Amino acid sequence: MKTKSVSLDDILAKELRNDEFRMLFDEHRFYLQIAHLITDLRSRTGISQVELAKRAGVSQPMVARLEKGDNHRTPTFDTIYKVLKALGYTMSINVQKERKRRVA
């Protein structure tokens, strides 16, 4: 008996039709984008998490959570702003209408 294989993209496309799943998926993606951004900027600056925490006035575990994309203990915009400022960057918020996803 053969089993039909299903790709991860197919599974994801099906799950994204569910509004609750899509909301959680997009929220997690948002925190992962912040994580990658802060990790990349800190790496380019060449400083440790401890040094960044000192400069930003936050704890080192908070920096680690930001870099991990931990959305269970959601950082405030204030915290994200402080960390970016300590890295020599500023933050602006861009709001745009969400594009409708094409359902496969």
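Ser92 is exposed, with a relative accessible area of 66%, in a model that is predicted. The exposed label follows because the cut-off is over 50%. Ser92 lies in the segment after helix H5 (77-86). From Lys68 it is 24 residues away in sequence and 22 Å away in space, taken C-alpha to C-alpha.

**Helix H2**

Helix H2 covers residues 19-45, 27 residues in total. At 1.5 Å a residue it should span 39 Å, and its end C-alpha atoms are 39 Å apart, so the two values agree. After H2 comes Gly46, which has a positive phi, near 80°.

The buried residues of H2 are Asp26, Tyr31, Ile34, Ala35, Ile38, Leu41 and Arg42. An α-helix has 3.6 residues a turn, so residues three or four places apart point the same way.

**H3 against H5**

H3 and H5 also pack against each other, at an angle of about 110° and with their axes 8 Å apart. H3 is therefore roughly perpendicular to H5. On the H3 side, Leu52, Arg55 and Ala56 take part, and they meet Lys82, Val83 and Ala86 of H5. Sorted by class, this contact has 4 nonpolar and 2 charged residues, with no polar ones.

Conventions: Residues numbered from 1 in each chain as written. Predicted model: local features only at pLDDT ≥ 70, side-chain atom pairs only at ≥ 80, totals over all residues. Heavy atoms only, no water. Helix = DSSP H or I, 4+ residues; strand = E, 2+ residues; numbered from the N terminus. Buried < 20%, exposed > 50% of the residue type's maximum accessible area, 1.4 Å probe, protein only. Expected span 1.5 Å × (residues − 1). Axes fitted to C-alpha atoms, helices over the stretch in contact; angles between N-to-C directions. Parallel < 35°, antiparallel > 145°, perpendicular 65-115°, else oblique. Contact = heavy atoms within 4.5 Å. Nonpolar A, V, L, I, M, F, W, Y, C, P; charged D, E, K, R; others polar.
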